[in-house]
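Hello! Here is the structure I promised to pass on to you. Have a look at it first, and then read my notes below.

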Amino acid sequence: MAGDLQAKYSKLAQEYSKLRAQNQVLKKAVVDEQASSTALKDQVKQREQSLRKAEQEMDSLSFRNQQLTRRVELLQEELSVGEARGGGRKTKGKGDSPSQQGQTQSVFDEDLQKKIEENERLHIQFYEAGEQHRHQLAQLEALVEELQQERERAEAQLEGLSARCALGEDRLAQETARLELRAHNLEREARECRARAEECQQQLSGCQVELSRQVQENSSVIQEKVPFNDTQYHHFNSLNVPPHNRRHQLKARDVAGQALLLVKDLVAALLNFHSYTEQRLHIYPLDSSIQPISPLNQRFSLYLHENAAYVRPLEDGLLQLHHSITEDTVTVLETVGKLKEFADHFSSYTHFLQKILPYQLKSLQEECEVSLCPPALSSKNQDLQRDLTRVTAIFLKLQSYITLLALPSQREQAVPQSSCSAAFTQLAAALHSLHDALQELSQHYSQKASLEEGLPSVSQKLRTTSECLLSSLSSLTITSSKVATFFSNNLDFFTASPGYGPKGGACTLSPLQAESMLGNKRRAAAYMLTIRKPRPESVPYKEALSNRHILTSSTESREGLTQQVHQGQEKIARLEQEKEHWLLEAQLGRVRLEKENQRISELQAQLCSALGGPASGPPGTPGLGRQEEEEQEEKGAGREATLSTSLVGMLTTTPINDEVGDEASREQLIKSHYMVRVSELTSQLQLSDSKAVHLHAECRALAKRLAIAEKTREALAEEVRLANQNITRLQDELSTTKRSYEEQLSMMSDHLCSMNETLSKQREEIDTLKLGNKGSTKKNKGR
């Protein structure tokens, strides 16, 4: 439970660190958005200034246009008046000369042409300024629409994120409450455990005091009552009953069972090796179905045919040894009599190996003397001769060690304990040497088989027999490795002292002592069974009646008290459940109260900000309005004080329309409205950008998780591929083994058929000989 609590706390700490990192990101996004907002505000101010300049230019252009229009009208009136005056002067007689009139007319024409060109230029500038104003207004409207859409999207994302945050906060609050409750429970359990530990410590101290008191009493009894200590004398101590180590017996039986399984595999491998060796003699170098084999190989085949009589007893002897080891026996070298039988069987098998070794060597020599035998094959046969000699020598060494270990069960104190330990150690080393020798034998025979396959005179039957012989050698090598490993792993058990023997003495246990100890144990067990028989109890009648009344009353009272106790326990359990429920409700209510207080404080802050807004106004508007008013006042004063002059003379002041003030106020209202909207959109843009940054961070985290998942998937795919490769390899091995077994079965069936044919031929020859003998006897009788 403490581990679960610590895991929950670590999980909460991880979530807190994650939220803290997200908060840092949000703060950074807010600062960036504030900077961008100020930049946007500066851009808006610059655009407004340029807009005001354009409006001023438009107003001045319109004013100049009106002045030019009036000036052209005045010029036209003056021209018409001048023409009228010139005509009157002609009628009267004297007037201006034609050259003066032409000069005046040309001056007026030039002035008029200049005014017309200036008017066209002003019209063009006015049109371009209007087009630019409309284009900028369309751009601002598109920007406003885009910001409005982004604000809506940001609001939707903000609502989703706020809902997720609320759910996460509720879940964390519940988890915290549950963890606190579990922490309280764990603290209570820890206090209970400390109390129990103190009680156990007190009981332990009491037990130590009691044991010391009993030791003192027993020591005083031994000193006062025991006349002498018989364990100090060997002759007296040999009469004491030794202890029985049941754990050692169970271990010995387990070890014997494992050894039995390994010896079964070893016996099967040896039988296959000898049988396939015999079968090979009838195939190579001469095939017995075509021509008879050499007398040496015939004798060798006859000996190999008897291998089961020497190999099977090894398994039977170890099986009897395993059956002799039970929980009730004493298993030491002095008491294991079946080990002698196994040693005898092993000795007979070793003699069998010594008997067939010369024939094996001579048979390999005959193979080397074949005309088609290459030098490489001859060298491999020589290697095999050395390997077979080495294997036989190792078996002889194993026989000597096993015979030495079987001696203590025949003669008392025949072998000291130190010699037995050394014998076990040397036996383990010999088993490892046997494994190495068999491995070399298997390698050399495999090389020999590969060389024989290249010979032209090798038949399919020989190839099959060689494969079978190689498989038997491989199984023999594997089994010998298992046997050596098993013996090395249990060497400590074999060399350790079993703990059997008289108390206080260093002498070993003799077979007679073990037999007497087991007999005494059986007699003691029988005696304990006889004395543990229950005796019939007898109680007086009056005492039985009084006991019955007391028992009845006590039973009734006990049943009532039991029922009350049961009801009380149920009530206590129900109250405990209600207590835990209300504790949890109180914690949840405290969390809700904190949330409500926080929400109320936020609402109060929002209310204060809302109440203080109209007095201060939106940021940037007061200065802007004041600037606009000053500009309008300056513009009006300028318009009222402006005077126009021309080449002709001074003109009158142009009156100003009353509609210009209404347009300026309407434009001012529109500007203030758009400024408020722009500020709102800027704040919404900041929120949306912060949410976008958060979503970007989440997307990066999800991308990292996706990459990790992809790597995991690739690793799993690689594991699946390797597993499929192993499956295919095992299937191939299974099919190969199956095919080899089928070939062996077919070969054995062919061999049996050939044997049946030879038997039938022999029977026919016997019958013909019998008939010939009967005919000869009849002829002799007839004579």
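**What I found**

Among contacts in the protein (heavy atoms within 4.5 Å) between residues at least 6 apart in sequence, 86% join residues at least 24 apart.

Before you go on, please note that this is a predicted model, where local features need pLDDT of at least 70, side-chain atom pairs count only at pLDDT 80 or more, and totals for chains, interfaces and linings use all residues. Residues are numbered from 1 along each chain as its sequence is written, and side-chain values use heavy atoms, with hydrogens and water left out.

**The overall picture**

The protein has 15 helices and 0 strands; these are DSSP runs numbered from the N terminus, with helices being H or I of at least four residues and strands E of at least two. Of its 783 residues, 26% are buried, where buried means under 20% relative accessible area, exposed over 50%, and partly exposed in between (1.4 Å probe, protein chains only).

**Aromatic rings**

How many aromatic pairs does a search of the whole structure find? There are 11, counting rings of Phe, Tyr and Trp (its six-membered ring) whose centres lie within 6.5 Å; planes under 30 degrees apart are stacked, over 60 edge-to-face, and the rest tilted.

Is tyrosine 303 buried or exposed? Tyrosine 303 counts as buried because its relative accessibility is 17%. Lysine 355 lies over the face of tyrosine 303, 4.7 Å from the ring centre; the rule asks for NZ of Lys or CZ of Arg within 6 Å of the ring centre and within 35 degrees of the ring normal. Elsewhere, ring pairs join Tyr310, Phe342, Phe346, Tyr349, Phe352 and Phe395 into a cluster.

Arginine 153 is in helix H2 (residues 98-225). With 47% relative accessibility, arginine 153 counts as partly exposed. Its C-alpha atom is separated by 9.8 Å from that of glutamine 684, although arginine 153 and glutamine 684 are 531 residues apart along the chain.

Enjoy exploring!
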